[in-house]
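Thank you all for making the time this morning. I would like to walk through one structure slowly, and I will start it on the screen before I say anything about it.

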Amino acid sequence: MSSGSLDKAGAGSSEPVPAVVFRNITKTFGAVTACDGVDLAIQRGRIHGILGENGAGKSTLMKMLIGLVLPDQGSIEVDGTVRQIRSPQAAASIGIGMVHQHFSLVEPLTVWENVALGESGKLDPAAVRNRIGDVADRYGLAIEPDARVGDLTAGLRQRVEIIKCLRRDPNIVIFDEPTSVLTPEESVQLFASLRQVVAAEDRAVVLVSHKLDEVLHATDEITIMRHGRVVDHLDAGSADAPTLARGMVGREVSLRSERAALGVLDAADISEHTSSSVASDEPPVLQIQNATAKGLGGVTLLNDFSLDLRAGEIVGVAGVEGNGQRELGDLLSSLLSLHSGSVLLDGTRVPDGKSGAMARAGIGVIPEDRHDSGIVLDMTLAENLVLVDQSSVSRRGMIDGSALKDLAESMIDEFDIQCSGPDAPMWSLSGGNQQRVVLARELSQSPKVLVAAQPTRGLDVGAIEYMSQRIGAAAAAGVAVLLISSELEEILDLSHRIVVMHSGRVVGEMPRSDADLETLGLLMGGVVA
Amino acid sequence: MTAGSLNQRSRVGEWLLFYTLSVIGALVLSAILVEATGGDWRPVVSALLDGSLRRPGRWGETLGTAAPMLLVAIGTIISSKAGLINIGQEGQLFVGAAFATYFGFLIGGPGPINVVFILIFGAIGGALWAGVAALLKYWRGVPEVLSTLLLVSVGGQVVAYGLSKTWILLAPLADRGNRNQVSTQLAKNNRLPRPEIFGNEVPFAVLIGVILAVIVSLALSRTVWGFKLRMLGRNPRAAQRSGVAQTRYGAGALMLSGGFAGLAGAAMLAGGGFAFGNYQLVPGFATNIGWTGLLVALVAREKALVAIPVAFVFAGLRTGSSFVGATGVEGRITDVIQGLLVLALLIPPAVMFIRDRKRAEALATDRV
């Protein structure tokens with residue numbers, strides 16, 4: 001840290017002026033507080049890891065630095081000067097660059113064309129190519145400037161993104177989940193060049209990640225965020241994976257007993273609920289056997305995924321988002337075809353990816369994104385209640401309008417759906433009420449299996465409580481429930497058994513009674529216990 | 001509740017106001033255009049009304065022109081309900097008419113029965129031509145917008161080839177004199193009846209069109225099939241999960257849509273009338289009816305019953321335009337008027353849609 005570039009601001013003080021200081025940053029989106037009084041300093045010459053689960057606020061914080069989001073409160077200092085960063089261009093002009101998790105490359109164009117995009121003035125291909133060569137040499141990011149981006153592997157595409165960022169010579173570089181699309185070898189290479197950026201040139205590097213391993217090995221200091229707050233700050237040298245895992249997922253909160261104390265759940269319900277350890281010799285209702293699915297470009301979405309589910313039990317699928325949970329939900333919604341493996345219901349194979357097959361076999365789904373496959377916004381509430389099965393409201397192929405209306409009215413009553421009536425267009429309902437419509441429809445089909453994916457996301461406290469109760473009641477009534485959630489508390493609160501997903505496979509499984517946060521956190525972070 | 005009904009009433013008022021302003025705007029623009037090209041708008045309007053309604057026999061002619069437009073529009077509505085954009089009706093209509101001609105002569109049975117066959121084969125021809133697009137879409141992922149459109153040209157060429165060979169469609173030399181590329185005229189008893197009402201010949205096809213519009217309107221809103229089709233159109237992933245297979249329902253809707261265009265072609269062939277040749281197939285037989293039917297569906301906004309009056313208005317512009325030439329103004333000015341009217345009728349719903357969504361979103365975010 002002896003570089004002269006620092007001295008301009010830090011005259012006289014023994015501590016170097018940090019590259020970036022966040023002071024008491026708060027940002028809310030509607031009712032959600034993404035950042036809550038965050039204080040954080042990022043030093044030059046070091047790699048600063050920011051660790052946290054989905055929704056911990058780490059991305060929002062970085063978006064403020066890059067000018068995509070403005071803080072509600074607090075200030076950001078860059079090199080000792082308070083700055084209002086209003087756009088990515090403004091951020092770039094004061095030397096802040098970001099390598100985004102999702103690539104923003106134009107596939108039909110070549111590498112140098114992509115790098116030149118966004119530059120103003122006259123286009124000078126030779127100069128751009130030279131620049132790419134320079135950057136590539138300096139950081140060991142070898143790349144062919146004339147290759148078409150569409151032909152490159154994910155690792156090389158990311159390299160292009162990094163070069164795009166570094167060619168502007170930023171002083172502060174942010175990497176957002178950089179390894180999510182990389183192979184292990186590619187990750188190792190990336191971190192080697194990160195080191196290079198930092199050590200040789202005294203830049204500040206921020207690495208945003210949820211992977212314990214890489215934060216532990218690739219950074220100098222680590223900040224852990226949870227629910228929009230900084231919960232811990234430690235030196236990478238003195239940290240170990242269990243500490244990080246605990247910090248990331250938080251202390252165990254005994255939500256269940258809290259609720260009992262508040263009288264929301266009665267004691268009998270709890271004891272019955274938690275003690276109903278389903279006999280493991282009972283044949284499973286749902287079996288997923290060695291399911292493997294591949295996406296575009298051969299990316300593995302599900303990797304030899306196997307799971308058994310018995311009647312009356314709630315199995316929680318924990319994991320950091322993007323590790324195959326969405327695909328698991330899609331598989332059970334007939335929206336995904338398997339590469340290999342099978343899904344069995346009561347021992348009978350259900351064809352995967354065949355329209356309506358899973359629903360007909362008795363698998364109800366509350367999808368992760370209800371707008372995606374859960375509801376039809378342009379149809380009425382009543383119609384949305386019979387999307388899957390119209391037999392109760394139709395005769396000889398004709399829909400019986402009054403039967404549909406009666407059904408809808410009784411459901412509106414039973415599930416307390418706030419709306420202007422059965423004919424209300426679905427888009428006129430609030431998110432929580434749309435979710436209730438989905439719940440009402442799926443439960444009214446008397447499913448054998450209920451898949452609840454992120455069932456309480458974006459709902460208020462009352463709605464969360466309601467949803468949890470309904471799911472618990474369904475299991476008590478003998479439905480096999482698969483609860484897919486990135487909220488660990490929700491999983492711990494409701495499940496009898498917990499499996500952890502990482503990279504499309506099950507990396508751990510345990511009964512609820514044996515679950516401890518440290519183990520879960522390690523498994524979620526991809527560290528096999 | 002009272003607030004709700006009040007709201008409802010003010011909304012209807014809003015709609016009416018919007019549409020009225022918009023249409024007046026289009027008419028004023030059209031008048032300016034007529035004036036600018038050296039004409040006078042009053043005689044033009046008068047000529048339009050004469051040609052479409054007032055002169056003897058003209059409203060029958062207008063109804064006869066409206067019938068195939070309506071049939072095409074109904075088919076378009078079916079496919080767009082399923083979320084598919086079929087814009088190849090012009091070709092499907094022509095191929096349908098060719099099928100009707102070929103099989104009409106091949107079977108050649110006694111009068112009324114053969115008329116029914118002609119109509120059915122017309123529908124089959126149109127459906128098969130749209131089926132090519134459906135096959136390409138669900139087998140190879142070719143967007144139907146492209147394939148249906150491009151198949152219009154292909155269809156034209158295929159039928160033209162048929163019209164050059166006596167063993168396919170070309171009439172024997174004795175029947176066609178020295179004309180090329182014409183089919184044999186349909187025999188008198190193989191034509192759709194044209195009963196005379198108040199001095200106007202009203203083609204039977206009008207009745208078919210109106211009845212089918214009512215049936216399709218009911219089928220789309222009241223049957224399980226219509227329900228599934230709408231689900232597929234509005235959210236294909238929800239439909240996939242719920243057992244509405246894209247391939248079956250989507251391909252079905254596309255072929256049905258083509259079938260209606262083909263039926264329109266057969267009805268033009270067997271229905272005759274001033275506008276549609278002489279009960280025989282010739283190149284250019286479709287005379288833009290397919291394209292105009294598409295516009296009718298666009299303006300009717302997926303409502304089969306609304307398509308009935310819209311088809312009549314568009315047919316009126318067409319029959320009226322033949323009288324405009326006598327005023328010294330270019331007859332094709334009515335094409336421009338038609339275009340302006342289409343825009344005028346499409347703008348209000350678009351504006352209202354955007355505004356409703358914005359309000360709903362604002363409400364929803366308030367409530368979260």
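This is a predicted model: local features need pLDDT of at least 70, side-chain atom pairs count only at pLDDT 80 or more; totals for chains, interfaces and linings use all residues.

Before I name any element, let me say that a strand here is a DSSP run of E of at least two residues, and that strands, like helices, are numbered from the N terminus. With that in hand, please find strand β1 of chain A, residues 20–29, in which Asn24(A) lies.

Ser446(A) is found in a loop of chain A, the one between α16 (431–444) and β19 (449–453). Because Ser446(A) has 12 C-beta neighbours inside 10 Å, it counts as exposed.

Let me turn to confidence. For the model as a whole the scores are ipTM 0.84 and pTM 0.75. Chain B averages a pLDDT of 87, with 94% of the residues scoring at least 70, while chain A averages 83, with 88% of the residues at 70 or above. Within chain A, residues 1–13 have a pLDDT below 50, and beyond near neighbours in sequence this stretch has 13 contacts in the model. Residues 252–277 of chain A also stay under 50, and for them the model has 17 contacts beyond four places in sequence.

If we take the contacts in chain A between residues at least 6 apart in sequence, 68% of them join residues at least 24 apart.

The domain assignment divides chain A into domain 1 (18–249) and domain 2 (255–524), and the C-alpha centres of these two domains of chain A lie 35 Å apart. Where they meet, 12 residues of domain 1 of chain A are in contact with 11 residues of domain 2 of chain A. Which helix gives the most to the domain 1 side of that contact in chain A? Helix α8 of chain A, residues 241–249, does so, with 6 residues. By class, that side of domain 1 of chain A has 7 nonpolar, 3 polar and 2 charged residues.

Seen down the axis of α4(A), the buried residues fall within an arc of 70°, so they line one face of the helix. Those buried residues are Ile132(A), Val135(A) and Tyr139(A), whereas Ala126(A), Ala127(A) and Asp137(A) are exposed on the other side of α4(A). Just after α4(A) comes Gly140(A), which takes a positive phi of about 65°.

That brings me to the two chains together. Their contact takes 29 residues from chain A and 23 residues from chain B. On the side of chain A that touches chain B, the elements giving two or more residues are α12 (357–361), α13 (370–374) and β18 (398–399) of chain A. Of these, α13(A) gives the most, with 3 residues. The residues on this side of chain A divide into 11 nonpolar, 14 polar and 4 charged.

On chain B, consider helix α9, residues 224–234, which is mostly covered, with 8 of its 11 residues buried. Among them are Phe227(B), Lys228(B), Leu229(B) and Arg230(B). The buried residues of α9(B) pack against α14 (381–385) and β18 of chain A, together with α3 (58–81), α8 (205–222), α10 (236–242) and α11 (246–271) of chain B.

I will finish with the domains of chain B, which are domain 1 (60–301) and domain 2 (335–368). Their C-alpha centres lie 31 Å apart, and 4 residues of domain 1 of chain B are in contact with 4 residues of domain 2 of chain B. On the domain 1 side of that contact in chain B, the residues divide into 3 nonpolar, no polar and 1 charged.

Conventions: Residues are numbered from 1 along each chain as its sequence is written. Chains are lettered from A and ligands numbered from 1 in the order in which they are written. A residue is buried if 20 or more other C-beta atoms lie within 10 Å of its own, exposed if 12 or fewer, and partly exposed in between; C-beta atoms are placed from the backbone. Helices (H or I, at least four residues) and strands (E, at least two) are DSSP runs, numbered from the N terminus. The arc is that of the directions from the helix axis to the C-beta atoms. Two residues are in contact if their C-beta atoms, placed from the backbone, lie within 7 Å. Ala, Val, Leu, Ile, Met, Phe, Trp, Tyr, Cys and Pro count as nonpolar, Asp, Glu, Lys and Arg as charged, and the others, Gly among them, as polar. Domain bounds come from an automatic or database domain assignment. pLDDT is the predictor's confidence in each residue, from 0 to 100.
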